[in-house]
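Please read them with the structure open beside you.

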Amino acid sequence: MNLPFAKALTGEGDSLRTGILAVAALVLLAAGALGFQWSRYASYRDSLEPGKRSVAAISAAAKQIKELEDEVREDDKLGRDDVTYITQQATASNFGDVNPKQSTKSPAKGYKDTIFTITASEKERNYYRQQLATFFYYIEAKRSRMRVTAIDLRLADKKKPEDDLWKFTAEFTSRTREGD
């Protein structure tokens, strides 16, 4: 086989021809390395989005755990005196003074429920539904372990129901672990 081009490139010791062959080989090698790196980049790019979603989910779960821990610390900071807490919330919600009566029961092993029966301190005092709802909301919103568990509403004046005035009895339950 007699190819003049091949003979010209592989001729005797011509440095220009050797340089051209070396540059061509380096370009081919660089193109191969670039192709390999591009395929690795595409692989990483495709797996990056699921990783971002996983990190976001972990971050959201960590934030929720921190908020719950903060809520428990806030409950502890408010103290264990639930009667004081109830009267504070009645004052904060512009509800007025209340008369809490306390009893306890054990709904399950390791837990203690403290039940507060709440009535108005003045027998003749009447409330609008909005006042009652605000007070009940304050009780539940500011302490995670206290819940409104029963409400009994009676019209204050049966002859004038359009006045929307009510008498009430409510039951709040504060659940704690025994030994806390």
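This is a predicted model: local features need pLDDT of at least 70, side-chain atom pairs count only at pLDDT 80 or more; totals for chains, interfaces and linings use all residues.

1. Residues are numbered from 1 along each chain as its sequence is written, and side-chain values use heavy atoms, with hydrogens and water left out.

2. Strand S5 (residues 165-177) also pairs with S2, again in the antiparallel sense and over nine bridges. Along this pairing, Tyr-111 stands opposite Arg-177, and Thr-117 has Glu-171 in S5 as its bridge partner. Strand S3 (residues 127-128) is joined to S5 by two bridges, likewise antiparallel, with Leu-165 in S5 as the bridge partner of Tyr-128.

3. Strand S1 (residues 98-105) runs antiparallel to strand S2 (residues 111-120), and eight bridges join them. Pro-100 is partnered by Ile-118 in S2, and Lys-105 by Asp-113 in S2. The hairpin of S1 and S2 has five residues between the strands, and in it Gly-110 takes a positive phi near 90 degrees.

4. Which helices pack at an angle of about 135 degrees? They are H3 (residues 82-92) and H4 (residues 129-141), whose axes are 9 Å apart; axes are lines fitted to C-alpha atoms over the stretch in contact, and angles run from 0 to 180 degrees between N-to-C directions. That angle makes H3 oblique to H4, because angles under 35 degrees count as roughly parallel, over 145 as roughly antiparallel, 65 to 115 as roughly perpendicular and the rest as oblique. The contact (heavy atoms within 4.5 Å) is made by Tyr-85, Ile-86, Gln-89, Ala-90 and Ala-92 of H3 together with Phe-135, Tyr-138 and Ile-139 of H4.

5. Rings of Phe, Tyr and Trp (its six-membered ring) pair if their centres lie within 6.5 Å, with planes under 30 degrees apart counted as stacked, over 60 as edge-to-face and the rest as tilted. The count by this rule is ten aromatic pairs. One of them is edge-to-face, because the rings of Phe-95 and Phe-168 have their centres 5.5 Å apart and their planes at 75 degrees. This pair links distant parts of the chain, since Phe-95 lies in the loop between H3 and S1 and Phe-168 in strand S5, 73 residues apart.

How values were computed: Two strands pair if DSSP finds at least two bridges between them. Helices (H or I, at least four residues) and strands (E, at least two) are DSSP runs, numbered from the N terminus.
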